[in-house]
Amino acid sequence: METRILLAAGDGTTSRLAELPAQVPDGGWAWVDVTAEVSDIAELVAMTAGLELDPLAVRDSVGDVDLPKVDDFGHHLVLVLHGLRGDRVETYELDCLMTDRVLVTVREERSPALDALWNQVQASAELAKGGVDELLGRLADVLTRRFLAVVDAFADRIEELIGDALVAAPEFLGDMTAVRIDLAAVRRIIHPQREALDVLRQSASPLMSDAGRRRISDVFDVAVRASHELDAARSALAETLDAYRGAEAKEATNVTKVLTVYAAIMLPLSLVAGFFGMNFANLPWLGNEWGWVIVTAAMVLVATVSLGIFVALGWIRRPAGREAGAALGRGLIEAARAPVHVGEALFEVSTMPLRTITGRLSRAGQTREGD
């Protein structure tokens with residue numbers, strides 16, 4: 001188990017500690033960040049015994065995987081959040097246990113958002129000011145805003161996906177399936193996280209100040225925006241799939257039309273060849289040395305006239321459609337690699353383009369909900 005402790009005084013100054021102090025100064029807070037595994041449960045319970053946290057909640061923070069939620073135990077709150085991993089579009093659980101002056105965060109793996117906030121709080125006195133509930137709000141903010149990176153990456157590439165659908169590009173289904181899996185992985189989490197933030201911003205707990213509720217309300221707005229845009233992205237994918245099916249059907253119709261036209265041209269030629277191929281001695285022009293020339297010329301004339309008629313009727317024309325743009329990334333993995341930027345008043349997440357890989361179905365084969 002790895003533990004680090006950050007202590008902030010009321011004036012915004014911070015210091016790193018080796019162990020949790022017995023008394024946190026007035027107006028300040030202590031942030032205990034723990035990276036633990038299931039085998040560390042006993043050690044984690046012993047370390048937090050002085051905070052009088054619910055033992056079951058402490059055990060669940062490592063042993064169980066929960067969707068985002070809020071539990072009010074009176075003298076402390078438990079907020080389960082999810083963040084976006086830094087290497088792929090998957091989420092991890094972050095359990096936050098908050099008392100009046102101490103915030104304990106428990107996770108089983110690295111958290112890019114938490115690490116960014118941890119470093120920035122030490123570097124900026126403004127971020128270290130306020131109560132522990134405001135610190136929790138900042139943490140929820142930077143975690144939730146990272147989900148917008150996936151939404152923005154999808155918005156930047158949807159035109160290319162539509163372009164591939166309109167020309168029935170062979171790689172479209174692999175691209176769309178991978179993007180759909182990535183969006184579903186985020187959408188599965190953002191809705192319960194939005195509800196958890198809604199419960200927290202309306203909480204009557206004395207641990208939440210007005211400033212803390214306002215900050216959580218801002219985070220709730222971000223979660224609402226992300227959830228709405230993810231729902232819109234899901235609808236856009238469904239419409240794009242319909243466009244692909246229409247383009248694919250049109251392409252199949254064009255192939256059938258070409259074969260039909262070819263058969264229509266060859267039919268009279270086959271008739272002429274079959275007529276003169278009959279075994280009768282008195283067929284016309286059999287004894288004429290120019291007979292084969294006359295018949296061949298007639299066949300060419302029939303084929304040319306037939307082709308001209310089909311062109312005039314518009315049955316034969318050059319296929320329309322624009323070329324597909326740059327290769328579309330199979331998923332949204334570059335969004336997961338977006339760096340975290342923490343500001344004094346606003347946490348911004350830079351978005352990056354969709355990834356480009358060669359294996360079309362490698363991302364589609366991952367066992368995640370496809371909606």
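**Close-up views of the predicted model**

**View A. Helix H7 (residues 210-276) reaches 99 Å from its first C-alpha to its last.** The 67 residues of H7 give a span close to the 99 Å expected at 1.5 Å a residue, where the expected span is 1.5 Å times one less than the number of residues. The model is predicted: local features need pLDDT of at least 70 and side-chain atom pairs count only at pLDDT 80 or more, while totals for chains, interfaces and linings use all residues. Residues are numbered from 1 along each chain as its sequence is written, and side-chain values use heavy atoms, with hydrogens and water left out. At methionine 266, H7 bends by about 25°; the bend at a residue is the angle between axes fitted to the seven residues ending there and the seven starting there.

**View B. Seven strands form an open sheet of mixed pairing.** The chain has nine helices and nine strands, taken as DSSP runs numbered from the N terminus (helices: H or I, at least four residues; strands: E, at least two). The order in the sheet is S2-S1-S3-S7-S6-S5-S4, two strands being paired if DSSP finds at least two bridges between them. Strands S2 (14-17) and S4 (69-72) stand at the edges with a single partner strand each, so one side of each is left without a neighbour in the sheet. On average, neighbouring strands of this sheet are turned by 20° against each other, direction ignored. Strands S1 (residues 2-8) and S2 run antiparallel and are joined by four bridges; leucine 6 has arginine 16 of S2 as its bridge partner.

**View C. Helices H2 (residues 55-63) and H3 (residues 112-123) pack on the sheet.** H2 touches strands S5 (77-84), S6 (91-98) and S7 (102-107), and its direction makes about 160° with that of S6. H3 touches S1, S2, S3 (29-35), S5, S6 and S7, and its direction makes about 35° with that of S1. Contact means heavy atoms within 4.5 Å; axes are lines fitted to C-alpha atoms, for helices over the stretch in contact, and angles run from 0 to 180 degrees between N-to-C directions. With 12 residues, H3 reaches 17 Å from its first C-alpha to its last, close to the 16 Å expected at 1.5 Å a residue. Buried residues of H3 are Pro112, Ala113, Leu114, Asp115, Ala116, Leu117, Trp118 and Val121 (buried: under 20% relative accessible area; exposed: over 50%; partly exposed in between; 1.4 Å probe, protein chains only).

**View D. Leucine 197 is found in helix H6.** Leucine 197 counts as buried at 0% relative accessibility. Leaving aside neighbours within four places in sequence, leucine 197 is in contact with Leu81, Ala140, Thr144, Ile216, Val219, Phe220 and Ala223. From C-alpha to C-alpha, leucine 197 and alanine 223 are 8.3 Å apart in space, and they are 26 residues apart in sequence.

**View E. Glutamate 52 and alanine 168 have positive phi values.** Glutamate 52 lies in the loop between H1 (41-47) and H2, and its phi is near 60°, a positive value in a residue other than glycine. This glutamate 52 is exposed, with a relative accessible area of 57%. Alanine 168 has its place in the loop between H5 (132-166) and H6 (172-201), with phi near 50°. At 12% relative accessibility, alanine 168 counts as buried.
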